[in-house]
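Me: Please take a close look at a single part of this model. I would like its packing described, with the cut-offs stated.

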2 protein chains.
Amino acid sequence: MAWQFDNERPIYTQLLEQIRFLIISGLYPAGSKLPSVRDLASEASVNPNTMQRALAELERSGLIYSQRTSGRFVTEDGVLIKQMKESIGKEKILTFLHEMEQLGYTAADSVVLVEKVVEEEIR
Amino acid sequence: MAWQFDNERPIYTQLLEQIRFLIISGLYPAGSKLPSVRDLASEASVNPNTMQRALAELERSGLIYSQRTSGRFVTEDGVLIKQMKESIGKEKILTFLHEMEQLGYTAADSVVLVEKVVEEEIR
DNA sequence: ATAATTGTATTAATTACTTAATACATTAAT
DNA sequence: ATTAATGTATTAAGTAATTAATACAATTAT
């Protein structure tokens, strides 16, 4: 796992996103046990509290849960994982559309523009 | 003009965005004179330095320029304004696509999803 | 029983950022 | 010449957020 961070955003946020991706993508399967806070922290070269914070936030979202002394686990609820992915995605889409509107583009404009950019990318 | 702010992001950022929108949308036309820093600040109920900062950032982007004692003006370059709008838009699109990828969606996925959301919105 | 491993809580240090206060400099207007 | 209006610079105050240090609690394994 390549733990990499930029200095733009808080480390705990980036940790959260990366771990979330590991779960959503299935690399950490539903029900599986995560490494301990300390192990994850040392692996990512980060203070344990920072990792703890990232994990706590993931926990709030229900993607993982902790059992006081036996460790942390990915939720068994595969449906929840899927829903989480979809709802975060939708949130990002709405934010995006809103920002574009604030720039003077209608939602319809934005659709077209995204299509264009993606086509350019492919080429 | 409705100067409204949330507490999520810095005020100067929000000022910048709102003024930028006024320019891009043509409400502050190319070449026109802006109110003074102090006037804008008092109108927005904001410290002059905060407004100054927003304007300075806009200046870095070339959308406005200042003449030491006569005031600030929107660039005469209408093409630049248009390009600015387009380049900021494109930046937002790329960021969006990147975030979606980090969530496990390909660019093609994202296009389809945006379309879906927009259709829902219209309905 | 003891030790080791786990998550958790509390507090402090650091850092960065935002906003504000104030003074300065330049030019246009009177 | 003087005043008023403009943008600018500098510094400080205030605030919030992030990270780190450390200690605690609970349970599992030995």
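Reply: Domain bounds here come from an automatic or database domain assignment. This is a predicted model: local features need pLDDT of at least 70, side-chain atom pairs count only at pLDDT 80 or more, and totals for chains, interfaces and linings use all residues. Residues are numbered from 1 along each chain as its sequence is written, and chains are lettered from A and ligands numbered from 1 in the order in which they are written.

Chain A splits into domain 1 (11–76) and domain 2 (79–122). Taken over C-alpha atoms, the centres of domain 1 of chain A and domain 2 of chain A are 27 Å apart.

Now the helix pair. Helices are DSSP runs (H or I, at least four residues), numbered from the N terminus. Helix H1 (residues 11–24) of chain A packs on helix H3 (residues 48–60) of chain A at about 55°, with the axes 8 Å apart. Axes are lines fitted to C-alpha atoms over the stretch in contact, and angles run from 0 to 180 degrees between N-to-C directions. H1(A) and H3(A) are therefore oblique to each other. Oblique covers what is left after under 35 degrees (roughly parallel), over 145 (roughly antiparallel) and 65 to 115 (roughly perpendicular).

Contact means C-beta atoms, placed from the backbone, within 7 Å. On the H1(A) side, the residues include Ile11(A), Leu15(A) and Ile19(A). They meet H3(A) residues, among them Met51(A), Ala54(A) and Leu58(A). The contact divides into eight nonpolar, one polar and three charged residues. Ala, Val, Leu, Ile, Met, Phe, Trp, Tyr, Cys and Pro count as nonpolar, Asp, Glu, Lys and Arg as charged, and the others, Gly among them, as polar.

H3(A) also gives the largest share of the surface near DNA strand D, three residues. Near means a C-beta atom, placed from the backbone, within 6 Å.

Key:
Helix = DSSP H or I, 4+ residues; strand = E, 2+ residues; numbered from the N terminus. Contact = placed C-beta atoms within 7 Å.
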